[in-house]
Amino acid sequence: MRRVIVSAFVTLDGVMEAPETWSFDFHDEENMKDALELVLGAEALLLGRTTYDGFAEAWPSRKDPMGFADKMNTMPKYVASTTLREPTWHGAEILDGAHGDVADQVAALKQAGDGDLLMYGSAALMRHLLAAGQIDEIRLLLNPVVVGSGRKLFPDGQPRTALDLVETHRYPGGMARLTLRPCA
């Protein structure tokens, strides 16, 4: 059965919006290698609409010698949206929230294959799937910076949710990876 693995950049004050404006100061060769291994090991992407829009604009024109861009551009993509009708990025398929709960559609996807479903960012989708028991692992890439404002991973009023911290790793550039799993 497939797993849903979330990978998200987050600041010390919980912001995950616009990581391209604050996370690159903390990237290094080791965390780039880990990111490559994660994407190469995934079967498909699972994205919310906002993340999809940004990725669909940026990734099709990218190339890199490591194969990250090729993998991103050729793997299947499942996009949770009630408004997207004609996805433009190769391999994108819509999980239409207007036609049933996206969590049920993700549960069916998990049963339909063997390779992991990798979700980048997509905070609202992540929270919905976490509440529905469809997230298997969250890899937070904690950046040692406070940005003061922006959309948060978990906004005020989020219901209490217990997670098990199963691994931590500090990268040379200062970023830390926290690997969490929902408590049983």
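Two strands pair if DSSP finds at least two bridges between them. Keep that in mind for this predicted model, because alanine 42 has aspartate 116 of strand 5 as its bridge partner, and pairings like that run through the whole sheet described below.

- Eight strands make up an open sheet, in the order 4-3-2-5-1-6-8-7, and the pairing is mixed.
- From one strand to the next, the twist averages 25°.
- As background, strands of a sheet pair through backbone hydrogen bonds, and they can do so parallel or antiparallel.

- Strand 5 covers residues 116-120 and is mostly covered, with five of its five residues buried.
- Which way do the residues of strand 5 point? Asp116, Leu118 and Tyr120 go one way, Leu117 and Met119 go the other way, and all are buried.
- Strand 1 (residues 4-11) pairs with strand 5 in the parallel sense, over four bridges.
- Within strand 5, leucine 118 is the bridge partner of isoleucine 5.
- Strand 2 (residues 42-48) also runs parallel to strand 5, and three bridges join them.
- Aspartate 116, the strand 5 partner of alanine 42, turns up again below in a network of salt bridges.

**Helices across the strands**

- Helix 1 (29-40) lies across strands 1, 2, 5, 6, 7 and 8, and it runs at about 135° to strand 5.
- Helix 5 (123-131) lies across strands 1, 2, 3, 5, 6, 7 and 8, and it runs at about 110° to strand 2.

**Salt bridges**

- How many salt bridges are there? The count comes to 11.
- The general idea is simple: side chains of opposite charge can pair when their charged atoms come close.
- Glutamate 137 forms a salt bridge with arginine 3, with the closest N and O atoms 3.9 Å apart.
- Glutamate 137 is in strand 6 and arginine 3 is in the segment before strand 1, so this pair ties together parts that are 134 residues apart in sequence.
- Is glutamate 137 buried or exposed? At 2% relative accessibility, glutamate 137 counts as buried, while arginine 3, at 32%, counts as partly exposed.
- Arginine 151 and glutamate 17 meet through their side chains in another salt bridge, at 3.2 Å from N to O.
- Arginine 151 belongs to the loop between strand 6 and strand 7, and glutamate 17 to the loop between strand 1 and helix 1, so these parts, 134 residues apart in sequence, are tied together too.
- Both ends of that pair are partly exposed: arginine 151 has a relative accessibility of 47% and glutamate 17 one of 34%.
- There's also a network of salt bridges linking Arg3, Asp116, Glu137, Arg139 and Arg181.

**Aspartate 96 and arginine 85**

- Aspartate 96 is part of strand 4 (residues 92-96).
- The side chains of arginine 85 and aspartate 96 meet in a salt bridge, 3.3 Å from N to O.
- Arginine 85 is in the loop between strand 3 and strand 4, 11 residues from aspartate 96.
- Why does aspartate 96 count as buried? Its relative accessible area is 11%, and buried means under 20%.
- Arginine 85 counts as partly exposed, because its relative accessibility is 48%.
- Leaving aside neighbours within four places in sequence, aspartate 96 is in contact with Ser81, Thr82, Arg85 and Gln105.

**Two residues with a positive phi**

- Alanine 18 has a phi near 55°, a positive value in a residue other than glycine.
- Alanine 18 is in the loop between strand 1 and helix 1, and it is partly exposed, with a relative accessible area of 28%.
- Serine 122 also has a phi near 55°, again positive in a residue other than glycine.
- Where is serine 122? Serine 122 lies in the loop between strand 5 and helix 5, and it is buried, with a relative accessible area of 8%.

How values were computed
Residues are numbered from 1 along each chain as its sequence is written. This is a predicted model: local features need pLDDT of at least 70, side-chain atom pairs count only at pLDDT 80 or more; totals for chains, interfaces and linings use all residues. Side-chain values use heavy atoms; hydrogens and water are left out. Buried means under 20% relative accessible area, exposed over 50%, partly exposed in between (1.4 Å probe, protein chains only). Contact means heavy atoms within 4.5 Å. Axes are lines fitted to C-alpha atoms, for helices over the stretch in contact, and angles run from 0 to 180 degrees between N-to-C directions. A salt bridge is a side-chain nitrogen of Lys or Arg within 4 Å of a carboxyl oxygen of Asp or Glu.
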